[in-house]
Amino acid sequence: MKLFTAEQIRALDRYTIEHEPIASIDLMERAAQAFTDWFVQHYPASRPVAIFCGMGNNGGDGLAIARLLQAQRYTVQCFVMKLKAQGSDDFETNLQRLQELTTVTLLERAEQLPVALPDDALLIDALFGSGLDRPVEGFPAQLIQFLNRTKLPTVAVDIASGLFADRPNGSGDVIVKPEATFSFQFPKLAFLLPGNAQYVGEWYVGDIGLHPEVIQQTETSWFYTDAAAARALLQPRTRFSHKGNFGRALLIAGSYGKIGAAVLSAHACLRAGAGLTSALIPQCGYKIMQTALPEVMVMTAGSNKKIVSDFPPLGAYDAIGVGPGLGKDFKTAKALGGLIEKMISPMVIDADAINLTAENQAWLAKLPRQSIFTPHPKEFERLVGPVANDYERLARAKEFAQRYQCVIVLKGAYTAVVLWNGEVHFNTTGNPGMAKGGSGDALTGILTALLAQEYDSATAAKLGVYLHGAAGDLAAQHNGMIAMTATDLIEQLGHAFEQLNHA
Ligand SMILES: NC(=O)C1=CN([C@@H]2O[C@H](COP(=O)(O)OP(=O)(O)OC[C@H]3O[C@@H](n4cnc5c(N)ncnc54)[C@H](O)[C@@H]3O)[C@@H](O)[C@H]2O)[C@@H](O)CC1
Ligand SMILES: Nc1ncnc2c1ncn2[C@@H]1O[C@H](COP(=O)(O)OP(=O)(O)O)[C@@H](O)[C@H]1O
Ligand SMILES: [K+]
């Protein structure tokens, strides 16, 4: 699915108005109706509702929502933040329509705050939408601070007031903190960035019927991978397949005390469908791996029993994943540098292999094209240096992926898969139960398995990240987010594939 900037969404609105055609006031009514339909499913009519409206089209939505909720027997109080004499045309029309039914309270200055609200009120924030063009100051900021201080559950219309849809806010910006956001047609880029979590809450998207043709034609480099998008990436496994079709995968992982990382990544590799899974691990892990995973072929190499310090010829493998629990011994580093020089097919580079690459930046030029890096935010900063905010992180990842023709998987909630062609694909699966040691090791195994099955790097990364999160979601259903482990996630991979197959 595509993601668009606020400016592009405005253009899509305009095109729809002109070509559907539909009057802009009717498009606003459609948006307000979509919000209202969602709202009545989530919040009971027994709770009083207070709606705070600005004077642009977001405020116009708020006024229409007030009228529609009243028709659904909600008790609604409506406030308009009056900053100027005249609002947008559709705001004014909706103001008139509402005032024929009920009184609207105008808020113009700080002395009118605090506004008395029932203890069980639900707040709807329709002060500013995607038309926000500067940080909020003065009276609007005081009003937002008041709303946040009430601690009453708040739902944002389209986007929380004060939050920029597609560029960074300043650290002191005043922004509504909603428990949920209901957005029109598309999620905003801002929703997918970790720094904005408190300004988004749970987000939902409602279809308002923007013109499908123009959505298809409008170019973007931002996407998100939902079930339909992931389903389209899946290759069928035919009746006549044999293990040779599904590739030989190798994990290079583990060190003394971290053999578990090697076991987890090899286990995930098996469950993600590699034909043959091998592991190159330190000698001290030999029995552990053979016992834990009899399906995995194990090699040990090097004189130091605690680390992997020597790589035998590895030409026989279709895909190699390196890094989980590997450690950063200088002998390991030397062997890894040699491997990177020799390899020609894409590799998965995770954890300590990322940290070692960060310390040996000369390797980057020699890296097989289309290799996949899987850094969490700290590992990414080791690779490229400090970044100031989520937007800069994405920009730096794009630069890096383009320069070294690789894929960067920026891990976190809404993991971003950044491709060498400049595309960014946000993942939609996963949950905080995965923020636990071992989840990342599982991802490395999955990606290596998909590369071994001849998925190209971009597809492997998008599909693998989706399946990893989907398996994490199933593990959370069965074990709960608190108790679930990386092994639980891996054991759900089969169900995650099945679920996707039938999506
Ligand atoms: N036809 C459309 O364009 C549709 C638009 N919709 C709604 O329209 C919204 C966008 O409407 P608008 O473009 O009118 O924008 P807003 O409603 O976000 O408000 C923009 C107004 O606020 C002013 N403003 C911006 N930042 C400010 C600040 N920091 N302090 C004080 N004033 C500030 C602007 O100068 C402008 O007058 C969307 O978020 C959505 O809710 C929906 O009704 C769907 C259809
Ligand atoms: N809140 C969250 N929502 C979704 N996925 C998450 C969340 N927190 C962590 N994850 C996922 O869990 C994995 C953690 O990986 P990583 O940080 O490398 O941990 P480890 O190395 O301990 O396994 C990543 O794939 C990340 O995207
Ligand atoms: K809003």
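Predicted model: local features only at pLDDT ≥ 70, side-chain atom pairs only at ≥ 80, totals over all residues.
Colour the span by secondary structure. UniProt, in an unreviewed entry, lists residues 9-216 as "domain: YjeF N-terminal".

**Next stop: the domains.** Colour residues 6-220 as domain 1 and residues 230-501 as domain 2. The C-alpha centres of domain 1 and domain 2 lie 41 Å apart. How many residues of domain 1 are in contact with domain 2? Look for 6 residues of domain 1, in contact with 7 residues of domain 2. On the domain 1 side, the touching residues divide into 4 nonpolar, 1 polar and 1 charged.

**Now go to the core.** The largest nonpolar core has 154 residues. Select I51 and V407, which have the most contacts inside it. Then select helix α15, residues 457-479: this helix gives the most to the core, with 11 residues. Where does the core lie relative to domain 1 and domain 2? Both domains give residues to this core, so it lies between them.

Stay on V407 for a moment. Leaving aside neighbours within four places in sequence, V407 is in contact with residues including F373, L419, W420 and A461. S457 and A458 are also among its contacts.

**Last stop: ligand 1.** Select the 26 residues around ligand 1. Which of them come nearest? They are G56, N57, N58, G129 and G131. Now show helices α2 (24-42) and α3 (57-71), the elements that give two or more residues to this shell. Colour the shell by residue type to finish. The shell divides into 11 nonpolar, 10 polar and 5 charged residues.

Key. Residues numbered from 1 in each chain as written. Chains lettered and ligands numbered in written order. Near = placed C-beta within 6 Å. Helix = DSSP H or I, 4+ residues; strand = E, 2+ residues; numbered from the N terminus. Nonpolar A, V, L, I, M, F, W, Y, C, P; charged D, E, K, R; others polar. UniProt positions renumbered as here; feature names shortened; annotations may be inferred. Core = buried A, V, L, I, M, F, W, Y, C linked by C-beta atoms within 7 Å. Buried ≥ 20, exposed ≤ 12 C-beta atoms within 10 Å, placed from the backbone. Domains from an automatic or database assignment. Contact = placed C-beta atoms within 7 Å.
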